[in-house]
Amino acid sequence: MTFVEADVRTFHDDEAFDAIVGRLILFHLPDAIDVLVHHLTALRPGGVVLAIDFDGGSIRAEPPVQLVTTIRDWVEEAFRSAGANPVIGARLALLLRRAGAVDVTSFGVQTYLAPDDPTGPGWVAGLVRSLAPRIIGAAIASEADLDMDTLPQRLAQDLARSDAVLLPPTLVGAWGATQSRS
C-alpha cells in the first residue's frame with residue numbers, strides 16, 4: 001500500500017490507483033466536480049473513490065434557539081465569502097455521480113448534544129472565534145455582535161433556557177466506483 005501527498009488538482013501518476021480518499025477537501029474547492037473527474041480518471045476500473053466532508057447547514061438546535069440559527073448563518077456566510085462551500089456534504093453523492101462514479105452510496109453522522117453539555121457551546125464559540133476575522137472583515141457581523149468574551153456562556157444559557165439539544169454539522173461520506181471493464 002502506498003500513500004501519496006500531492007496537489008489535488010494536478011497530481012498524476014503512471015500507475016492507476018485502487019482507491020482515492022478525500023477528507024474535508026472538497027469543501028475548500030470551487031471546482032469540486034472537476035477535481036472528482038480528475039481523480040476518477042486516475043482509478044483502475046472498479047476502483048473506489050471516497051469523499052468525506054461537512055454539511056454545515058445542518059447546525060441547529062431543537063427546539064430552535066435564535067442565537068444558534070444566527071451563528072449558523074454567520075458561519076455559512078463567512079465560509080462562502082472565502083470561496084468555500086460549507087454545505088457541500090449534502091451534495092457529495094450527487095457530485096460523485098455527476099463526475100462519473102457508479103454505485104454511489106452516502107451516509108451522514110451527527111451528534112446530539114444535551115442542553116447542559118458544555119461541549120456544544122464551547123465548540124460553536126471556537127468555530128466562531130476562528131472565523132471572527134472573516135465574519136467581521138466581510139461585515140457579516142460586528143465585533144459587538146460576536147462578543148466573544150461571553151459567547152460560550154450566552155449559548156449555554158440559551159440552550160438551557162430552551163431545553164434545546166444542539167446539533168453540530170453533519171459529517172457526510174459518499175463513495176462510488178469507476179466502471180469495470182467487461
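Is the crossing of α2 and α4 left-handed or right-handed? In this predicted model, the crossing of these two helices is left-handed.

The protein contains six helices and six strands. Followed along the sequence, these elements occur in the order β-α-β-β-α-α-β-α-α-α-β-β. The C-alpha trace of the protein extends over about 60 × 30 × 30 Å along its principal axes.

Two packed helices are described by the angle between their axes and the distance between the axes. For α2 and α4, the axes come within 10 Å and cross at roughly 45 degrees. As noted at the outset, their crossing is left-handed. On the α2 side, the contact is formed by I71, W74, V75, A78, F79 and S81; on the α4 side, it is formed by V124, L127, V128, L131, R134 and I135. By class, ten of the residues in this contact are nonpolar, one is polar and one is charged.

Helix α1, residues 32-40, packs with helix α3, residues 92-99, at an angle of about 55 degrees, and their axes are 9 Å apart. These helices, α1 and α3, are therefore also oblique to each other. The crossing of α1 and α3 is right-handed. Here I33, L36, V37 and L40 of α1 meet L95, L96, R98 and A99 of α3. The contact of α1 with α3 comprises seven nonpolar residues and one charged residue, with no polar residue.

The description now turns to the spaces within the protein. There is one cavity of 30 Å³ or more, and the largest cavity holds about 30 Å³ of space. Its lining consists of I59, V68, I71, V75, W123, V124 and L127. Helices α2 and α4 are the elements that give two or more residues to this lining. Among the lining residues, I71 and V75 of α2, together with V124 and L127 of α4, also belong to the contact between those helices. The lining of the largest cavity is made up of seven nonpolar residues, with no polar and no charged ones.

The second largest pocket has a volume of about 210 Å³. It is lined by 15 residues, of which F27, F54, F79, L127 and P169 are the closest to its centre. At least two lining residues come from each of β2 (43-55), α2 (66-81) and α4 (119-137). The largest share, four residues, is supplied by α2. In this lining, ten residues are nonpolar, two are polar and three are charged.

Two features of the backbone complete the account. Most residues other than glycine have a negative phi, and most peptide bonds are trans. L24 has a positive phi, near 55 degrees, although it is not glycine. This residue, L24, is located in the loop between β1 (17-23) and α1. The peptide bond that joins E62 and P63 is cis, with omega about 0 degrees. P63 lies in the loop between β3 (60-62) and α2.

Methods: Residues are numbered from 1 along each chain as its sequence is written. This is a predicted model: local features need pLDDT of at least 70, side-chain atom pairs count only at pLDDT 80 or more; totals for chains, interfaces and linings use all residues. Side-chain values use heavy atoms; hydrogens and water are left out. On a 1 Å grid over the protein atoms alone, a cavity is a set of points where a 1.4 Å probe fits but cannot get out, and a pocket is an open set with protein on both sides within 12 Å along at least five of seven lines; lining residues have an atom within 4 Å of a point. Grid points are joined across faces, edges and corners, and a volume is the space filled by probe spheres set on the points. Ala, Val, Leu, Ile, Met, Phe, Trp, Tyr, Cys and Pro count as nonpolar, Asp, Glu, Lys and Arg as charged, and the others, Gly among them, as polar. Axes are lines fitted to C-alpha atoms, for helices over the stretch in contact, and angles run from 0 to 180 degrees between N-to-C directions. Angles under 35 degrees count as roughly parallel, over 145 as roughly antiparallel, 65 to 115 as roughly perpendicular and the rest as oblique. A crossing is left-handed if the near helix is turned anticlockwise from the far one by less than a right angle, and right-handed if clockwise. Contact means heavy atoms within 4.5 Å.
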